[in-house]
Amino acid sequence: MVYIALRSTSRGVVATELSDDGDLVLETVVAEADLAAWVAAREPERPRWVWGDTSRWYPQLLAAGVRVDRCVDLRLCHTILRNSAAAASSALATAARDSWDAPPPARAATTSDALFDLEGPADDADPIAEWRRQRDAVAGAADHGRLGLLLAAESVGALVAAEMRFAGLPWSVEEHDRVLTEILGPRIPGGRPARLDALADRLRELLDAPALNPDSQQDLLKALQNAGFRVESTSKWEIREIDHPAVEPLLEYKSLSRLLSANGWHWLEEWVRDGRFRPVYVPGGVVTGRWASDGGGALQLPKQVRSAVVPDPGWRFVVADASQLEPRVLAAMSGDRAMAKAGQASDMYQGMVDTGAVETREQAKYGMLGAIYGGTTGESGRMRPRIEKAFPAAMAFVEAAARAGEHGDVVSTWLGRSSPPGEGLGYDETASEVQKRRTQQRAAAWGRFTRNFVVQGTAAEWALCWMGSLRRRLWSLGGGSLVEKPHLVFFLHDELIVHTPAGLAEEVAAAMRESAAEAGRLLFGGVPVEFAVSVAIVDRYSDAK
DNA sequence: TCGGAAAGCGCC
DNA sequence: AAAGGGCGCTTTCCGA
């Protein structure tokens, strides 16, 4: 394996070739303008490019038509190693915070909790020293295989994030406009679209509140209370319980108004250019390891507008969804044999019914959500004893994570990403009853967080491996540049979309399934849990499922 | 007048 | 007794 570290200096880009042992082999200075050609010339050896931040280096390479196979994203890997319990005694984890601990550049400007006044990784931060520090940290970890896999997966995720932004999600402005007009009524510049306006009028009438502005929570709350309802908020959950003719139009108004403000014509004009939606994806942007996004609400695209996601002529989408990913992950990591058996069905919830754990699919679903989120009310609370009885190992696993969190202990995902330590969860006997109760509530909330962290975070690791495996397979299909072959255009936690020439769709679909199986083997080896994916070949996103 | 907080809701 | 995890975005509200 060849590593090539890139570093920006006043002389130009210094590219340093390193051997697998970490020894310096060769140092070359390349003008920034010549970098893409230089990288392209070295890429056939499949080096692992070592750089401070993928979002600093890769977009310019992609723009020049250069796709790289592998990298080490030092900033993302540093964050994992800084916090991982598995590497807690390493030199990296025990060193003072420095520019490698800074938030990603795209978010640094808007993140108010940038506790440390850092801008980095500074462009001149030494990638070689950091790379060696990271290798030492991994080598010294008890389970260095898992941690190494996590860092590789995180880095390939960073490549995919840049590639997806480069390619963009194909978007039909015409279809989006059609949907908006159909749902909201014709656009009225500076005013509410026709249907929304009519609903507002109707609400004023039904609630006998001629001046009501339904967009104002205060206004609305008063109007509802004046109509004789003891509501404390204007949330749809509370309104849904009311028996009044205004409820239906009010809920519809809320839904429409939300569509208009979040994904209406204004969104379309701001975010869609040349038939592509290009959000900034932020790998590792969530504490659990999930991705976040910056701008455009990429990870919250409402179902209402998904018909506007349309492939280019002669191309199709292959949409894949990992069914019941989190329950499957829990079955694998807890080693719960009964749950693994249920997970051999393509519909795991139905599998739970068929193995006799619960009576209905709904019970299975809410029972599992309760186990993973720590829910105790409603159906998930009622199902808890049965889930506990049917899947004791799985339940004990999440319970242990919850207890750890309540005590302020750190928990870790399967591959070794650790939660932040809990703070302010203890009290002494001098505390007042009110203080004690508040602290207990905080501890319980933190326990729900750590309970969920281990499952959500491991699911995110599985998804990264799935994506990385798929990326490699896609590159071997067809010919031409990145966007001339089948390529990833969207990732949503447990869902992937590939934009592909129509003739390759079936091969892509097969690659989706094979990659899912490979991700399961990579993480869990021989544990007999199936990672089922549902795959659809469609001509618009909304036709999947 | 501005900006942060809170509410509310979309996604998984 | 009360008790659902993680996000991003827009709007309204309210105080500096």
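Chain A splits into domain 1 (3-167) and domain 2 (174-267), with bounds that come from an automatic or database domain assignment. The centres of domain 1 and domain 2, taken over C-alpha atoms, sit 48 Å apart. Keep in mind that this is a predicted model, where local features need pLDDT of at least 70, side-chain atom pairs count only at pLDDT 80 or more, and totals for chains, interfaces and linings use all residues. As for bookkeeping, residues are numbered from 1 along each chain as its sequence is written, chains are lettered from A and ligands numbered from 1 in the order in which they are written, and side-chain values use heavy atoms, with hydrogens and water left out.

**Strands around β13**

- Let's start with strand β13, which covers residues 495-501; strands here (E, at least two residues) and helices (H or I, at least four) are DSSP runs, numbered from the N terminus.
- β13 is mostly covered, with 7 of its 7 residues buried; buried means under 20% relative accessible area, exposed means over 50%, and partly exposed is in between (1.4 Å probe, protein chains only).
- One partner of β13 is strand β11 (residues 315-322), which runs antiparallel to β13 and is joined to it by 7 bridges; two strands pair if DSSP finds at least two bridges between them.
- Within that pairing, R316 faces T500 in β13.
- Strand β12 (residues 487-491) also pairs with β13 in the antiparallel sense, over 4 bridges, and here F490 stands opposite I497.
- β12 and β13 make a hairpin with 3 residues between them, and H493 in the turn has a positive phi of about 65°.
- As a bit of background, side chains in a regular strand alternate between the two faces of the sheet.

**Aromatic rings**

- The whole structure holds 16 aromatic pairs; rings of Phe, Tyr and Trp (its six-membered ring) pair if their centres lie within 6.5 Å, and planes under 30 degrees apart count as stacked, over 60 as edge-to-face and the rest as tilted.
- One of them is W171 with W267, a tilted pair at 5.0 Å centre to centre with 50° between the planes.
- W171 is in the loop between β6 (169-170) and α8 (173-184) and W267 is in helix α13 (residues 265-271), so this pair ties together parts that are 96 residues apart in sequence.
- W171 counts as buried at 4% relative accessibility, and W267 is buried as well, at 5%.
- Then there's W291 with F491: their ring centres are 4.8 Å apart and their planes are at 80°, so the pair is edge-to-face.
- W291 lies in the loop between β9 (280-282) and β10 (292-294) and F491 lies in strand β12, so the pair ties together parts that are 200 residues apart in sequence.
- W291 counts as buried at 3% relative accessibility, and F491 does too at 4%.
- There's also a cluster: ring pairs link W414, W462, W466, F524 and F531.

**Charges over rings**

- The charged end of R146 sits over the ring of W414, 3.9 Å from its centre; that label applies if NZ of Lys or CZ of Arg is within 6 Å of the ring centre and within 35 degrees of the ring normal.
- R135 has its charged end over the ring of Y3, 5.3 Å from the ring centre.

**Salt bridges**

- Searching the whole structure turns up 36 salt bridges, each being a side-chain nitrogen of Lys or Arg within 4 Å of a carboxyl oxygen of Asp or Glu.
- R187 and E269 meet in one of them, at 2.9 Å from N to O.
- R187 is in the loop between α8 and α9 (194-206) and E269 is in helix α13, so the pair ties together parts that are 82 residues apart in sequence.
- R187 is partly exposed at 41% relative accessible area, and E269 is partly exposed at 46%.
- E399 and R451 form another salt bridge, with their closest N and O atoms 2.8 Å apart.
- That pair links distant parts of the chain, with E399 in helix α19 (residues 392-406) and R451 in helix α20 (residues 433-475), 52 residues apart.
- E399 and R451 are both buried.
- R472 and E518 pair up too, their closest N and O atoms being 2.9 Å apart.
- R472 lies in helix α20 and E518 in helix α21 (residues 505-524), so the pair ties together parts that are 46 residues apart in sequence.
- R472 is partly exposed at 43% relative accessible area, whereas E518 is buried at 16%.
- Salt bridges that share partners also join E175, R178, E182, R540 and D543 into one network.
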